[in-house]
Amino acid sequence: MATFVVPANVSIVEDAETLRKACEGWGTNEKAVISVLAHRNATQRKQIRQAYWDLYQEDLVKRLESELKGDFERAVYRWILEPQDRDAVLANVALKKSSDYHVIVEIACVRSAEELLAVRRAYQARYKHSLEEDVAAHTTGDVRKLLVGLVTTFRYEGAEINTRLAKSEANILQDAIKDKKFSNDEVIRILTTRSKTQLMATFNGFKDDQGTSITKALLGEPADNEFKRLLRIAIRCINEPLKYYEKILRNAIRKFGTDEDAITRVIVTRAEKDLLDIKELYYKRNSVPLDQAVAKETSGDYKAFLLALLGKQD
Amino acid sequence: MAHLQELEALTKALSGLGIDEKSLISILGKSDPARRTTFRQRSTHFFIEDERSFERWDDHRINLLRLEFVRFENALVLWAMHPWERDARLVHEALTLVPQSYRVILEIACTRSSEELLGARKAYHSLYDHSIEEDVAIHVTGSERKLLVALVSAYRYEGPKVSEDAAKSEAKLIAKAIKNGDKKNPIDDDEVIRILTTRSKPHLKAIYKHYKEVSGKNINEDIEAADFILKETAECLCNPHAYFSKVVDEAIRNDADHNTKKALTRVIVTRADVDLKEIKEEYNSLYGVPLTQKIDDNANGNYKDLLLALMTRD
């Protein structure tokens, strides 16, 4: 469920005018920006961009980019983009700047098949390359095989489960883990082609058989294997995305030196989806409301924006 | 004398691609028992002398003949189908009926546009409750698996923008892989797979262009001698009209086997709304004979009429 609050009566034109006024003259009225944008859904934000263009012949996004700064600017920029465009930008940044390949795994594994397709289209429109082209060119070896497989799959989304297959593929995974051959072709095949329902049945079968979850079984030596790390993330994103996101937030907030990129990414990309469920999970796990934890570790307009997305009303 | 002519006509009606239904009806349909006995006695390729003194259909020939009877029906059904369903069914058949014929999968993955291939993947979900990549990965083994799975999963950028520098360096990579061909199969080379399965088609054409500069040889010569699958992939991606012309020519030859013959229907039907005109031109320039004439000479009856109708629409 979404967290941020949208008022009952919204005037798109007024919103565009409010934003224009907020950007005019000396400095920027960040509060006004937050009061509008953090309380509009994706459709409304798109309409506001269009209205702004119609009224002022200027790209609202570009204007905001130049007016705002720092973490606040990054958060607003990601928020105002359409979801598939946002994911395309996140993927590109992960590839070319941060090498945070887990972001790519997140996008590939949490989004639905159609959503991932939309991301691939948006990526092409923006960067004039296909997503898989850039992923392949920036990675090598087994990490490349895994990531390219994950971003190019168009998974079947039916509910059918083949129990016999789930068992046999759970065995294949178990053998790979036992032999520490995590990156063999069969592991990649299973993870990058099977439907999510089938995979969950496989992971369940694994747990029933081995007494421990596959992600737990993947812990341990070797510890700093990038492929193994990404493999675990893929499995967690497919199997239990909410828990995954809760952990990302927990690590980002607890870490010495808060990881604003991670906080922004989770809150902005999930605010319209399941941030409410992630909040509940966070509270259960940490005994502190997410709002409170975020408020403690962030400041200024950035903090105000995040809290608004988390559900705070002015 | 009329007998002899009739016999010749009947033989022709039953040889080649498809069946000349009209001739069979007018000659065989109107024949009396004596005429039919003569027909059986003289058609030693269809009938064998049974030890109990009667002319018996050769079982093998009946089966072959049945395939010819059904050629028109299959062509029509394929023609009426939505292109997405067509391609999905063709891939499924290639995987499940003929384990070793990867050509059809290559053909579809490489010659379709990005959206057409996507459509085929969607139809595949509906028809088979699996994703196309799932089934390709399970049914294809060996070196070909990585290549084919990546090819069917591609969603290539289709714009004109090409990085000449990247194309040049990738031409070098491919040249090196082909040169080392006797030590390591080029399609086992990760970089070759990356380039062939993720780069846009204009980019691949640019690589072709640069190949001669960097390796001194024309890429076609090098590839001719290299792995068959590499050759077909490159041709489908960069010169589909030549590829289709060759495939069709092989299908029409007298010594073509059952699967090779099916290519004629497949190519004409799947390209009729796309680029059949260009394929006809290429065929003419490669073989010096109009394709329509080749088909007129070698096909029969409704099957022939249907193909010619598809080829001469305007």
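Visitor: With which side chain does the side chain of Ser31(B) make a polar contact?

Guide: With the side chain of Arg36(B), at 3.0 Å. A polar contact is a pair of N or O atoms within 3.5 Å; within protein, one must be able to donate a hydrogen and the other to accept it, and residues adjacent in sequence count only if both atoms are side-chain atoms. This is a predicted model, in which local features need pLDDT of at least 70 and side-chain atom pairs pLDDT 80 or more, while totals for chains, interfaces and linings use all residues. Residues are numbered from 1 along each chain as its sequence is written, chains are lettered from A and ligands numbered from 1 in written order, and side-chain values use heavy atoms, without hydrogens and water.

Visitor: Why is Ser31(B) called buried?

Guide: Ser31(B) has a relative accessible area of 15%. Buried means under 20%, exposed over 50%, and partly exposed in between (1.4 Å probe, protein chains only), so Ser31(B) counts as buried. Ser31(B) sits in the loop between α2 (21–28) and α3 (33–42) of chain B; helices are DSSP runs of H or I with at least four residues, strands runs of E with at least two, numbered from the N terminus.

Visitor: What makes Arg199(B) and Glu133(A) a salt bridge?

Guide: Their closest N and O atoms are 2.8 Å apart. The rule asks for a side-chain nitrogen of Lys or Arg within 4 Å of a carboxyl oxygen of Asp or Glu, so this pair qualifies. Between chain B and chain A the count is five salt bridges.

Visitor: Which helix of chain B gives the most to the side that touches chain A?

Guide: α7(B), with five residues. That side of chain B divides into six nonpolar, six polar and 15 charged residues. Here Asp, Glu, Lys and Arg count as charged; Ala, Val, Leu, Ile, Met, Phe, Trp, Tyr, Cys and Pro as nonpolar; and the others, Gly among them, as polar.

Visitor: How much area is buried between the two chains?

Guide: About 2600 Å², of which carbon and sulfur atoms give 53%. Buried area is the accessible area (1.4 Å probe) that two parts lose on being put together, summed over both.

Visitor: How do you know whether chain A is compact or extended?

Guide: A compact globule of 314 residues would have a radius of gyration near 20 Å, and chain A has 21 Å, which agrees. The radius is taken over C-alpha atoms, and the globule rule is 2.2 Å times the number of residues to the power 0.38. Buried residues make up 52% of chain A, whose secondary structure comes to 20 helices and zero strands.
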